[in-house]
Amino acid sequence: MKTEYQITQAGLGWLIVAQLLVMVAFLNELPYWLVPVFIFSAAWRFRIIRGHWSSPGWQVKGFGVFLSISGVLLSDINPLSLEAATILLLLGFSLKNLELNHRRDGIVVVYIGFFLVATRFLYSQTLLTMGYAILLMVVLTASLISLHQHRSHPWRQNFKLSTVMLLLCMPLMLAGYLFFPRLPPIWSVPLPDNKAVSGVTDLMSPGDISDIARSGALAFRATFEGKVPDPVDRYWRGPVLSQFDGKSWSPAQEFFQKSLLLPDRLNTEFSALFQTDIDTAGSYESYRVIYEPNYQHWLFSLTPSISVNADIESTYDYQQISRQKVTSPLQVSFRKYDRENLQLELPEWIRQQSLQVPDGLNPMTKSFVEQMMGASASETEFALSLLNWFSNEPYFYSLSPGQLSGDHQIDQFLFDTRKGFCAHFASSFTQMMRMAGLPARVVTGYQGGEWNEAGQFLAVHQFDAHAWVEVWFEGRGWMLLDPTAWVAPNRIEQSSREALSGTEGFLSDSLLDQLQFTLFNQIRMKFGAWQHQWQRWVLNYDRDDQFQLMSQLFGDMNLSRMLWTAGGFIAVLGFVWLAVLGLFKTEDPSTLQYRQWQILRKKLLAKNITIDATTTPLMLARQLEHRSEPWIKPVLEYLRLLNYSLYGSENNKHRLIAGFKQVKRKL
Amino acid sequence: MAKSDTSTSSFDKHFYKWVKARTPRQKETILNQKRIYIIPSKAGLALLVLFLLLILLGINFQNNLVYLIAFWLLALLVVNILYTYRNLSGLLVRSVHTEPCFAGERAEFVFEVVEQSGRFRSGIQLGWPSEDQVMVELQPHQTIQLRLTLPTEYRGWLEPERMAIVTRYPTGLARAWSYVLPKIRATVYPRPVLMAALITSHLNLDDEEQGKEIPMGSTDFSGVRNYQPGDSMKQIHWPQLAKTGQLASREFVDYQADDHWLDLSVLTGNELETKLSHLSARVLDLHQKSVPWGLKLFTRELAMNQGDQHRVRSLTALALFGLQDED
């Protein structure tokens with residue numbers, strides 16, 4: 001027999017709440033034109049629930065589908081991307097409102113909802129997202145439950161049932177999560193488009209104003225096994241820029257895309273790019289970084305570092321490159337070596353690269369450099385005198401220095417505006433070094449970081465983005481020189497938040513400038529610590545961790561032994577879990593009554609009153625009625641309650657327990 | 001819905017044979033693990049597909065949290081099986097009572113469903129697939145009465161076939177069901193149909209037993225009298241008119257019996273069931289007219305009597321005539 005089950009009012013209510021909550025989860029990630037579609041279909045459904053409207057005809061539905069598909073096509077989203085798929089799912093999810101008549105429609109909605117909850121994690125994986133996802137799971141499961149009821153139940157009841165069921169799922173879920181083999185991707189997939197706010201890019205144009213420093217978003221967190229580096233040593237190296245066209249700095253080699261995907265790149269023309277001269281025999285300090293997604297290949301590290309992870313490459317200019325773009329929090333372990341004597345022998349092609357100056361630009365700077373060079377005894381003295389010059393002359397650190405226009409932007413900055421941020425100083429200093437014949441390059445990345453005492457990690461934010469200079473000196477190798485430090489020493493010695501809180505334009509549109517409030521700051525720190533643990537243990541749980549966990553649990557491992565123990569573990573866990581399930585059932589009133597009855601029997605036996613097995617509470621009451629001991633009254637009262645609860649319709653556990661307490665006190 | 005016995009697939013055949021062995025006819029049946037069957041529903045299988053999709057998603061995007069959701073759903077599928085099982089387990093189904101009916105009508109069966117484990121139960125469908133089914137919900141320690149009907153075709157006993165008790169509570173991911181073969185039977189009286197042919201023969205044979213005459217009837221010729229206006233043309237005594245030229249009317253009488261013997265053996269015709277149907281109708285007729293009747297069914301005889309109880313006894317005797325199980 002084929003039955004079309006109708007959905008109850010409560011079921012429709014649950015579905016609409018679940019849909020709205022799921023859609024809210026995606027508000028920030030997807031185009032805003034989805035919002036009116038949601039509202040329209042939800043409103044229509046609401047009118048149907050209220051009995052004002054009926055389900056729309058096929059014309060309306062068809063029109064809705066037509067508009068949605070046009071929306072996807074018009075909004076400039078790759079139709080084969082994850083985003084397009086998510087949008088289509090969301091659309092189907094909300095338009096299903098228009099034809100939500102039978103149980104099966106409801107089930108479809110709930111299943112799409114489950115899928116969307118998982119999809120949400122492809123966009124972000126913070127603790128907050130997880131918390132919201134848990135809420136969504138509870139609401140979706142409650143909706144599923146309400147779909148299978150033939151009359152409306154109070155929402156609390158369904159909410160509770162759904163929560164308890166999902167909690168009971170935990171052991172099994174964890175077992176699956178921990179022991180399911182982590183496989184490599186089966187086919188390559190398009191990733192969500194880059195929406196991350198990044199303070200660092202591989203194109204630096206000091207002439208254009210930047211609002212980089214205003215973002216308080218996290219860039220990465222670092223933990224150190226040894227000593228935590230001093231604030232002045234916290235230079236996190238990112239893209240190295242050697243190419244200057246008068247306006248913008250860019251990397252010398254566009255090699256990432258070309259070379260990273262080659263399986264045997266070490267044997268190709270690119271091989272030189274992936275060779276470092278770091279002396280790995282020397283002593284090192286270990287540290288670990290968890291990067292927030294930046295949708296780029298480059299990572300940020302202390303110089304010079306080498307990664308332990310296989311998927312991370314070190315380059316000739318000490319950059320760390322991830323072979324996959326960082327699209328979800330990524331954890332990498334590094335070893336930091338001694339910074340002395342980097343590349344004492346400078347290969348000719350790197351020297352050429354590091355001396356490049358655009359022709360015919362910035363004549364004033366050029367003559368100034370020649371003049372300074374003539375007055376200096378050595379290269380190092382020349383560099384030092386330039387830095388001193390920055391510090392003594394009226395140069396100002398500002399995050400909104402105004403745009404530079406024209407061809408001779410360095411001249412303009414050095415001798416006219418004299419106002420700028422790190423990029424201006426790094427750019428002009430590098431050019432001046434090169435004009436003097438010293439190999440130099442701009443290094444971008446982050447400087448500083450905020451120590452989180454609660455979580456024992458260093459949090460580096462986007463507003464810590466920085467640019468500095470590396471200069472190569474004969475006999476000393478690459479040296480780090482930071483002209484910004486000479487102009488605004490606070491910027492380096494304190495964290496940029498403290499140093500710049502008075503600077504115009506810094507974080508002025510962010511909540512973060514109120515973070516001086518200590519209590520709030522503590523909460524923020526604590527939450528940051530949780531996030532860090534979350535990323536460390538949940539998001540980055542991978543094959544290595546899995547293997548490590550197994551070997552910690554069961555000692556030396558080979559594959560078959562691992563499988564056996566995993567199977568055994570799951571079986572034991574399942575058994576324990578079943579036992580818990582059995583014990584977990586709600587207090588059974590009949591057993592409660594039985595227990596009380598047994599206790600009462602014993603107590604009365606002590607008073608020489610025997611109750612045989614066939615006596616009912618009412619019979620006992622009749623038997624005791626005419627006695628006059630002081631304890632008779634509460635006992636009779638309790639027996640009445642017991643009788644009601646056993647044989648009547650009234651079944652009030654609390655009154656029964658209260659009555660029994662009275663009895664015990666008197667007896 | 002449960003498939004009926006007529007299913008032809010060999011799996012079904014074996015399954016129902018197996019079920020039959022485990023489902024004795026009982027007055028009271030407690031649903032326990034011996035008789036509760038449980039499998040994932042279509043929705044459950046769909047969730048399994050969703051799980052696989054999510055695992056693929058998790059693998060391809062290397063996303064641990066997607067795995068987490070996937071395994072959560074898989075665990076839900078398993079946990080739900082226990083919930084669904086617990087929704088049926090421990091329920092008591094008791095057959096209470098039936099109402100007799102005439103063949104062709106629906107026989108009514110009264111059942112009690114007793115919740116005795118102190119659990120709330122919801123979404124339980126009870127009844128015969130393709131016939132009467134009801135959805136019930138039980139509070140802890142609640143007993144509810146259900147009236148379910150089955151169609152009848154023949155007189156005799158009607159023993160209900162296997163009842164199915166089905167639940168998908170709470171999430172619909174699994175379907176648990178149980179069979180109950182209730183030890184109860186309804187009496188189905190012969191369908192009351194008067195047969196004209198049988199009436200005549202019956203009257204001719206039973207002439208001497210006809211009792212008090214009722215004048216102005218239409219059955220038997222009793223004499224001739226003078227024509228009165230209003231007499232019908234059929235009543236006119238034509239020979240008298242020809243002889244005397246006087247209009248005369250024939251007079252007929254009906255017989256009001258003080259008591260009536262309904263005897264199966266004197267009825268003509270070959271069809272036993274038709275004769276029983278006729279007698280069934282006669283019983284109803286006589287009962288309605290408050291006329292006493294007796295019933296002779298060869299060896300079995302019900303003495304002359306009247307009233308409700310006598311009616312029930314007579315109809316029951318008719319219903320069970322020739323069946324082995326007569327009481």
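**Close-up views of a predicted two-chain model**

**View 1. The open sheet of chain B.** In chain B of this predicted model, four strands form an open sheet in the order β2-β4-β6-β9, with antiparallel pairing; two strands count as paired if DSSP finds at least two bridges between them, and helices (H or I, at least four residues) and strands (E, at least two) are DSSP runs numbered from the N terminus. Strands β2 (28–30) and β9 (143–151) of chain B stand at the edges with a single partner strand each, so one side of each is left without a neighbour in the sheet. Neighbouring strands of this sheet are turned against each other by 25° on average, direction ignored, where axes are lines fitted to C-alpha atoms, for helices over the stretch in contact, and angles run from 0 to 180 degrees between N-to-C directions. Residues are numbered from 1 along each chain as its sequence is written, while chains are lettered from A and ligands numbered from 1 in the order in which they are written. Local features need pLDDT of at least 70 and side-chain atom pairs count only at pLDDT 80 or more, whereas totals for chains, interfaces and linings use all residues.

**View 2. The pairing of β6(B) with β9(B).** Strand β6 (residues 106–114) of chain B runs antiparallel to β9(B) and is joined to β9(B) by nine bridges. Within this pair, B:Phe109 stands opposite B:Leu148 of β9(B).

**View 3. The contact between chains A and B.** Chain B and chain A each give 43 residues to the contact, two residues being in contact if their C-beta atoms, placed from the backbone, lie within 7 Å. On the side of chain B that touches chain A, the elements giving two or more residues are α2 (42–61), α3 (64–88) and β7 (121–127) of chain B, and the largest share, 18 residues, comes from α3(B). The residues of that side divide into 29 nonpolar, 13 polar and one charged; Ala, Val, Leu, Ile, Met, Phe, Trp, Tyr, Cys and Pro count as nonpolar, Asp, Glu, Lys and Arg as charged, and the others, Gly among them, as polar.

**View 4. The helix pair α5(A) and α6(A).** The axes of helix α5 (residues 103–120) of chain A and α6(A) come within 10 Å and cross at roughly 170°. The residues of their contact divide into 10 nonpolar, four polar and two charged.

**View 5. Confidence along chain A.** Over residues 502–515 of chain A, pLDDT stays under 50.

Terms used: pLDDT is the predictor's confidence in each residue, from 0 to 100.
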